[in-house]
Amino acid sequence: MIYITGDTHGDINRFFDGCALDTKLTESDTLIVCGDFGFVWFDESTPVGFNQDNDELDRLSHKPYTILFVDGNHENHDRLSKFPEVEKYGSTVHKIRENIYHLERGRIYTIEGKTLFTFGGAYSIDKYMRQEGISWWSGEIPNDEEYKRGIQAIKNADYKVDYIITHTCPSEIIKMYLHHIPDPHDGELTGFFDYLMYDVDFKCWFFGHWHTDDYFKIPMRGKTQKFRALLFDVVNIEEYEEEKNDEY
């Protein structure tokens with residue numbers, strides 16, 4: 001089974017002490033984190049934190065299930081990009097540990113027969129409190145190559161995937177359903193997601209970033225488009241298949 005949850009922010013307790021990620025998932029399962037994974041944060045210039053990151057990644061490597069994540073804005077993007085790229089799920093991923101992989105921006109992966117378009121990244125509204133290269137990295141915002149790669153992947157898939165997995169979400173969702181004002185610094189990314197929202201056929205769109213667990217069903221193109229905001233919930237992806245026939 002494929003399970004999805006929201007931002008873990010390097011909190012190792014989310015994976016242990018009798019919680020769902022400790023007791024619910026088995027060796028046949030895959031967990032996807034919708035950004036702000038947070039266990040790739042410090043580099044060698046901060047040895048205490050760097051060693052702690054590695055210790056906690058080692059602990060997660062003993063989990064029986066596979067852990068995948070898109071990147072959020074609270075990641076060390078410089079360090080993340082240095083992990084080896086390997087072929088997996090029909091495209092390339094960054095291999096963090098034997099069972100932990102970073103799903104790159106603008107890729108389509110096939111996992112358990114389901115196609116997933118992934119696109120991490122978001123703008124940090126707390127950037128003013130952080131220090132570049134220490135607690136903030138410019139790679140949080142996608143670059144032109146990643147946008148172009150994503151558009152080409154969607155075109156190659158004939159504008160149809162089973163699921164979209166991102167960190168933040170379309171600006172229309174931010175305004176109309178989350179009731180926030182989209183940050184203009186995020187405009188290119190959330191605008192790109194608006195394009196995907198209307199042009200791509202998908203069963204459900206999963207995202208984190210907004211620190212809420214919620215579910216929106218939106219009438220669009222004669223059917224219901226589903227969006228699932230995640231933080232602490234751990235959901236089975238198959239709960240959001242189309243066979244429920246809930247059309248408008």
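The model is predicted, so local features need pLDDT of at least 70 and side-chain atom pairs count only at pLDDT 80 or more, while totals for chains, interfaces and linings use all residues. Residues are numbered from 1 along each chain as its sequence is written, and side-chain values use heavy atoms, with hydrogens and water left out.

**Exercise 1.** Determine how strand β3 is covered and which strands pair with β3.

*Solution.* 
1. Helices (H or I, at least four residues) and strands (E, at least two) are DSSP runs, numbered from the N terminus.
2. In β3 (residues 66-70), five of five residues are buried; buried means under 20% relative accessible area, with a 1.4 Å probe and protein chains only.
3. Thr66, Leu68 and Val70 lie on one side of β3, and Ile67 and Phe69 on the other.
4. Strands pair if DSSP finds at least two bridges between them. Strand β2 (residues 30-34) is joined to β3 in the parallel sense by five bridges, with Thr30 opposite Thr66.
5. Strand β6 (residues 100-103) also runs parallel to β3, over three bridges; His102 in β6 is the bridge partner of Phe69.

**Exercise 2.** Identify the residues with the most contacts inside the largest nonpolar core.

*Solution.* 
1. A nonpolar core is a set of buried Ala, Val, Leu, Ile, Met, Phe, Trp, Tyr and Cys residues joined through side-chain atoms within 4.5 Å.
2. The largest such core has 26 residues, and Phe117, Ile173, Trp205, Phe207 and Phe227 have the most contacts inside it.
3. Helix α6 gives the largest share of this core, five residues.

Notes: Buried means under 20% relative accessible area, exposed over 50%, partly exposed in between (1.4 Å probe, protein chains only).
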